[in-house]
Amino acid sequence: MAAQKDLWDAIVIGAGIQGCFTAYHLAKHRKRVLLLEQFFLPHSRGSSHGQSRIIRKAYPEDFYTKMMDECYRIWAQVEHETGTQLHSRPTELLLLGLKENIELKTIQATLSRQGIEHQCLSSEELKQCFPNIRFTRGEVGLLDKTGGILYADKTLRALQDAICQLGGTVCDGQKVVAIRPGLPVLVKTTSRSYQAKSLIITAGPWTNMLLSSLGIELPLQVLRINVCYWREKVPGSYSASQAFPCFIGLDQAPHHIYGLPAGEYPGLVKVCYHHGNNVDPEERDCPTVSSDIQDIQILCCFIRDHFPDLRPEPDITECCMYTNTPDKHFILDRHPKYDNIVIGAGFSGHGFKLAPVVGKILCELSMKLTPSYDLEPFRISRFSGRGKAHL
């Protein structure tokens with residue numbers, strides 16, 4: 001444990017995937033970094049827990065696809081450094097949509113423009129390649145050949161160990177109760193106080209609670225998401241070992257539906273609705289509300305209509321939280337008033353795969369380095385006039 005009067009180069013609040021990669025990059029720069037987490041590790045109360053996430057380069061926006069190119073390299077680097085396999089390869093990602101779907105066309109154009117290996121599948125080709133999926137509306141497909149599965153919990157443990165081996169410190173069970181801006185910035189937890197030259201806030205659903213004392217409120221919507229697992233009628237029908245891909249359905253419901261092949265729970269396929277219901281992060285474990293049930297009913301209909309070899313009721317339902325921005329793009333920026341306070345927030349349910357580069361950017365902002373990427377899509381100022389993101 002660090003002495004109370006120590007001055008840290010940087011303090012990172014929140015040991016989810018974004019905070020872990022931020023602290024990892026700072027430690028690689030030989031900075032004296034402290035990573036604070038309010039809960040005891042490991043825990044399942046935020047947005048980074050669970051065994052699996054999808055990794056992909058398929059995005060409508062060029063800037064995410066470009067960022068993913070470096071992300072894959074950093075994922076491989078961390079695997080090499082830690083001796084831990086962090087993602088499966090190759091699993092591929094199948095995007096499903098109607099032929100006229102604008103998002104599908106835009107993603108295909110982005111992959112072509114960026115030279116990413118992919119394959120367009122007609123309705124007939126889809127039926128031939130995936131006979132265990134029922135296509136009822138003439139859907140077409142787009143295969144992202146770079147798609148795969150990230151092992152989320154294993155990644156968090158590997159990064160936390162790497163941070164310590166690089167000279168950083170991870171302190172869990174310490175909830176931040178006060179932040180006093182300045183040089184140095186003072187961070188008070190339930191256990192003690194710390195001082196640092198810079199502060200990086202990667203607190204997910206708790207971001208606005210921490211920012212309230214710093215005179216800013218961001219337009220963040222915290223959602224509770226149902227994470228559902230569906231049992232195969234015949235074991236192995238939809239397993240990664242049988243080359244079944246990850247998938248995202250673009251037209252099957254008001255919001256995307258995504259899935260990962262059976263793996264983390266034997267015989268169970270993970271299929272989720274990419275949307276949820278407003279929740280107070282302090283009350284995320286409260287009993288399910290009726291709107292939660294409606295989301296699960298949407299999934300039940302989807303499974304019944306498209307996956308005949310899955311039972312149409314979930315065997316297991318867990319939950320996690322999304323912290324969404326209005327445009328679903330991240331916030332990666334300095335505090336408008338205190339330039340030694342950096343904010344990473346609003347990862348909107350698609351930030352895990354991008355965390356290696358997000359952490360690098362937050363590290364660069366903290367160290368006053370020129371960012372490696374154009375941060376215009378991620379600036380707080382884009383929300384001016386929306387009623388939030390104000391001082």
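**Figure 1. The loop that holds Pro184 lies between strands β10 (176–180) and β11 (185–189).** The model shown is predicted, with local features needing pLDDT of at least 70 and side-chain atom pairs counting only at pLDDT 80 or more, while totals for chains, interfaces and linings use all residues. Residues are numbered from 1 along each chain as its sequence is written, and side-chain values use heavy atoms, with hydrogens and water left out. Strands (E, at least two residues) and helices (H or I, at least four) are DSSP runs, numbered from the N terminus. Most peptide bonds are trans, and most residues other than glycine have a negative phi.

**Figure 2. Arg30 and Lys368 each have a positive phi although neither is a glycine.** For Arg30, which sits in the loop between α1 (17–28) and β2 (33–36), the value of phi is about 65°. Arg30 is exposed, having a relative accessible area of 77%, where exposed means over 50%, buried under 20% and partly exposed in between, for a 1.4 Å probe and protein chains only. Lys368 belongs to the segment after α8 (355–366), and its phi is about 60°. With a relative accessible area of 45%, Lys368 counts as partly exposed.

**Figure 3. Strand β20 (residues 341–345) is mostly covered, with 5 of its 5 residues buried.** On one side of β20 the buried residues are Ile341, Ile343 and Ala345, and on the other they are Val342 and Gly344, which leaves both faces covered. Two strands are taken to pair if DSSP finds at least two bridges between them. Strand β12 (residues 193–201) pairs with β20 in the parallel sense over 3 bridges, and Leu199 stands opposite Ile341 of β20. Strand β19 (residues 331–334) runs antiparallel to β20 and is joined to it by 4 bridges, with Ala345 in β20 as the bridge partner of Ile331. The strands β19 and β20 form a hairpin, and 6 residues lie between them.

**Figure 4. Three strands in the order β3-β8-β4 form an open sheet with antiparallel pairing.** Because β3 (52–55) and β4 (87–88) stand at the edges with a single partner strand each, one side of each is left without a neighbour in the sheet. Strand β8 (residues 148–151) runs antiparallel to β3, and 4 bridges join the two. Among the residues involved, Arg53 has Leu150 in β8 as its bridge partner.

**Figure 5. Gln165 is found in helix α5 (residues 152–165).** Gln165 counts as exposed, because its relative accessibility is 68%. Although Gln165 and Ala27 are 138 residues apart in sequence, they are 9.1 Å apart in space, C-alpha to C-alpha.

**Figure 6. The protein chain as a whole, from which these views are taken, has 8 helices and 20 strands.** Its C-alpha trace spans about 65 × 45 × 45 Å along the principal axes, and 55% of the 391 residues are buried. Of the contacts (heavy atoms within 4.5 Å) with a separation of 6 or more, 73% are accounted for by residues 24 or more positions apart.
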